[in-house]
Amino acid sequence: PLAKVTRSIVFVTGEAAPYAKSGGLGDVCGSLPIALAARGHRVMVVMPRYLNGTSDKNYAKALYTGKHIKIPCFGGSHEVTFFHEYRDNVDWVFVDHPSYHRPGSLYGDNFGAFGDNQFRYTLLCYAACEAPLILELGGYIYGQSCMFVVNDWHASLVPVLLAAKYRPYGVYRDSRSTLVIHNLAHQGVEPASTYPDLGLPPEWYGALEWVFPEWARRHALDKGEAVNFLKGAVVTADRIVTVSQGYSWEVTTAEGGQGLNELLSSRKSVLNGIVNGIDINDWNPTTDKCLPHHYSVDDLSGKAKCKAELQRELGLPVREDVPLIGFIGRLDYQKGIDLIKMAIPDLMREDVQFVMLGSGDPVFEGWMRSTESSYKDKFRGWVGFSVPVSHRITAGCDILLMPSRFEPCGLNQLYAMQYGTVPVVHGTGGLRDTVETFNPFGAKGEEGTGWAFSPLTVEKMLWALRTAISTFREHKPSWEGLMKRGMTKDHTWDHAAEQYEQIFEWAFVDQPYVM
């Protein structure tokens, strides 16, 4: 379906799949632009051209545009160039500068985050503001009537630049900006002394000004003054979107607001939540190349075969009657691994099998290995990450466990439901929005797609798991209903793109928030 009104949309991001990806942000910025372009919009994605030795081949089809600009910031004039690739009806624009050419990951290396990240993403924001004005893509420029979609702190200087350096001179008066918050924990905070480096007028210091509370300061003489990129976008963007409705409420609370809760509460009238979609081309049990057998909501026989193959691959006893529980994710405190660790001795007394895939904290990696040797017939811990294996676990398991402490959106529970695997999750953020707790006595018969437990305790998690296990064993028709309701839910990007269009429409109804 095409959009009623088509717009010129410019995504600004620190990463986008398949070029560069470190997490959910890369997935969103690799899929949402394509979904919007399919609905008739003209879409550009602006991101850095990372060359670190491993990702170089990803940019092989991006060609030099012949355009370069000088950016006045950080005490000098820095030249950046633009590369361009047209793929899936989207203009992928890559900003090239020597600071993006270094070994390591996107934002750091083995020694921690890069010390010049503020400089690297200031360049990105300036370049993104110039790209629609100077790049003739497909023969003509995007022009001044754009919707800038800025993602997380890396792109958060864009709305500030529009308000401080463009609109006062009559440029971009017809443009609007939408801030998308994927994870509020990362805000791009640097010392206040770096403000003059950003090239912004002195009177705009208040937009980025950030003062740490006294308990967070290093010593008695520390005034706690800093500049906060994300805060700058919160106070200058026209609309603010989080990646689920639940998270849009959580960021306005003291517990989930990471210090920005009062500011976000003051902008509640323009704050919305839109759940991320999933890429149906990659995650589809009827066509998935990673699976040994395919299946669909009408014919679930292939799922039992996938389970048997997974048990065989992992060296577990091949038993159809045993519930196979899976966990996929980073091994860290946020994902609730410590709860799984405490629950395993109790859970292993039941007749179940448990498989974990992930890497992260070395302590948890070591625990996974030792637990596997203690429960050889019941537990498998796969340290590392492999995309094909994650697909096979998602398809082969009966239950997917996600006891995350906080989860802005979460994608694994969406993948699980798409594959007929029943999620058991902690009711927070996007998990609470997307997983409806099973109710056998609903108004229209049985309802729900899984179990969302709260509060986050070992007892509550075990209670939810045991309820799921007994339903699996004793109520087969109900279990099949749970699987089918999950598989028929619409988690496509097209559904999310339609909601984003509504946000854009509201943004253009009003005057720019800061003229």
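The model is predicted: local features need pLDDT of at least 70, side-chain atom pairs count only at pLDDT 80 or more, and totals for chains, interfaces and linings use all residues. Residues are numbered from 1 along each chain as its sequence is written, and side-chain values use heavy atoms, leaving out hydrogens and water.

**View 1. Helix 1 meets helix 16.** Helix 1 (residues 24-38) and helix 16 (residues 493-509) have axes 9 Å apart and pack at about 75°, so they are roughly perpendicular to each other (65 to 115 degrees; helices are DSSP runs of H or I, at least four residues, and strands are runs of E, at least two; axes are lines fitted to C-alpha atoms, for helices over the stretch in contact, and angles run from 0 to 180 degrees between N-to-C directions).

View 2. The order is 17-16-15-18-19-22, with parallel pairing (two strands pair if DSSP finds at least two bridges between them). Strand 17 (379-383) and strand 22 (451-453) stand at the edges with a single partner strand each, so one side of each lacks a neighbour in the sheet. From one strand to the next, the twist averages 15°. Look for Met-402, which stands opposite Val-425 in strand 19; four bridges join strand 18 (residues 399-402) to strand 19 (residues 422-426).

**View 3. A helix across the sheet.** Helix 15 (residues 476-488) lies across strand 18, strand 19 and strand 22, and runs at about 75° to strand 19.

Definitions and conventions
Angles under 35 degrees count as roughly parallel, over 145 as roughly antiparallel, 65 to 115 as roughly perpendicular and the rest as oblique. Contact means heavy atoms within 4.5 Å.
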